[in-house]
Amino acid sequence: MKAYAEMTDTYGGEANYCWVRRAECDADGASDLAIVRRIKRQLGIEGVRCTRETCGETIVLKPVGACVVVFIDFREESKL
């Protein structure tokens with residue numbers, strides 16, 4: 001299983017998608033905390049405090065004081 005993340009800007013508190021940065025990491029056997037740390041490192045927001053919400057299987061991170069949002073989804077790897 002892999003974790004896929006999208007970081008985008010917000011407008012009025014909602015995701016705007018004027019620009020998008022993407023990241024991914026292996027999620028097999030890793031805790032949610034470990035996955036969040038890996039994704040934050042790849043997106044360049046390591047060390048930035050974030051509020052965290054869980055919406056179903058999606059983790060939503062909102063960096064404090066920034067107009068951006070990060071969505072982390074989990075998907076099975078395709079074996080092509």
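How many aromatic pairs does a search of the whole structure find? The search finds 0 aromatic pairs, a pair being rings of Phe, Tyr and Trp (its six-membered ring) with centres within 6.5 Å.

## Basis of the model

This is a predicted model, in which local features need pLDDT of at least 70 and side-chain atom pairs count only at pLDDT 80 or more, while totals for chains, interfaces and linings use all residues. Residues are numbered from 1 along each chain as its sequence is written, and side-chain values use heavy atoms, with hydrogens and water left out.

## Helix 1

Helix 1 comprises 12 residues, 32-43; helices (H or I, at least four residues) and strands (E, at least two) are DSSP runs, numbered from the N terminus.

The buried residues of the helix (under 20% relative accessible area, 1.4 Å probe, protein chains only) are Ile35, Val36, Ile39, Lys40 and Leu43. Seen down the helix axis, these residues fall within an arc of 130°, so they line one face of helix 1; the arc is that of the directions from the axis to the C-beta atoms. They pack against strand 1 (2-11), strand 2, strand 3 (50-55), strand 4 (58-63) and strand 5 (68-75), where contact means heavy atoms within 4.5 Å. Glycine 44, with a positive phi near 80°, follows helix 1.

## Strand pairing

Strands pair if DSSP finds at least two bridges between them. Strand 1 and strand 5 run antiparallel and are joined by 8 bridges; alanine 3 has phenylalanine 74 of strand 5 as its bridge partner. The charged end of arginine 75 sits over the ring of tyrosine 4, 4.2 Å from its centre, under the criterion that NZ of Lys or CZ of Arg is within 6 Å of the ring centre and within 35 degrees of the ring normal.

Strand 4 and strand 5 are also antiparallel, with 3 bridges, and isoleucine 59 is partnered by isoleucine 72 in strand 5. These two strands form a hairpin with 4 residues between them, and glycine 65 in the turn has a positive phi of about 80°.

Tyrosine 17 belongs to strand 2 (residues 14-26) and has a positive phi near 60°, although it is not glycine. Its relative accessible area is 40%, and partly exposed residues are those between the buried limit and the exposed one (over 50%).

Threonine 51, in strand 3, is likewise partly exposed at 40% relative accessibility. Not counting residues up to four places away in sequence, threonine 51 touches Val60, Leu61, Lys62 and Val64.

Notes: Expected span 1.5 Å × (residues − 1). Phe/Tyr/Trp six-rings, centres within 6.5 Å; stacked < 30°, edge-to-face > 60°.
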